[in-house]
Amino acid sequence: MTTIAQFLAVNIDCADPRRLAEFYAAVFGYEIQYADDDYAAVGDGTMTIYFQRNPDRRAAAWPGPDKQFHLDVRVPDVEQAVKDYLELGASRPDFQPGGHWVVLADPEGHLFCVCPPQR
């Protein structure tokens, strides 16, 4: 079973809304609420994440100054969650800033930090 994270909301530009909707639906345990070639949405009835097609979007280099945002997700077991998310198509950048979290990139290069439970 994929590790379920808690999340608030965001609208994410991407080249393939359906693909990212599938990825994040698995990460958060959300349902795909809508998906077409230009727009997709996933949610749990309370929270929703939207994906909007932007074929010219390019992933920012990491580390680097072009990163505009990243998501932080809290999971019960960071090591297991990282394994789960890599199997779903995430990648693990070589540069890791240290700490108790792990930086991953989704299938289109959007960064997100996998964080442990609050202490």
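**Reading the core and the sheet**

User: Which residues have the most contacts inside the largest nonpolar core?

Analyst: In soluble globular proteins, nonpolar side chains tend to be buried together. A nonpolar core is a set of buried Ala, Val, Leu, Ile, Met, Phe, Trp, Tyr and Cys residues joined through side-chain atoms within 4.5 Å; buried means under 20% relative accessible area (1.4 Å probe, protein chains only). Here the largest such core has 27 residues, and Y24, F51, Y85, F112 and V114 have the most contacts inside it. This is a predicted model, where local features need pLDDT of at least 70 and side-chain atom pairs count only at pLDDT 80 or more, while totals for chains, interfaces and linings use all residues. Residues are numbered from 1 along each chain as its sequence is written, and side-chain values use heavy atoms, with hydrogens and water left out.

User: Which element gives the most to this core?

Analyst: Helices (H or I, at least four residues) and strands (E, at least two) are DSSP runs, numbered from the N terminus. α1 gives the most, with seven residues.

User: What does Y24 touch?

Analyst: Contact means heavy atoms within 4.5 Å. Leaving out residues up to four places away in sequence, Y24 touches G29, I49, F51, L71, D106, H110 and F112.

User: What is the strand order in the open sheet?

Analyst: Strands of a sheet pair through backbone hydrogen bonds, either parallel or antiparallel. Two strands count as paired if DSSP finds at least two bridges between them. The order in this open sheet of four strands is β1-β4-β3-β2, with mixed pairing. β1 and β2 (31-35) stand at the edges with a single partner strand each, so one side of each has no neighbour in the sheet.

User: How many bridges join β1 to β4?

Analyst: Five, and the two strands run parallel. I12 has F51 in β4 as its bridge partner.

Note on methods
Buried < 20%, exposed > 50% of the residue type's maximum accessible area, 1.4 Å probe, protein only.
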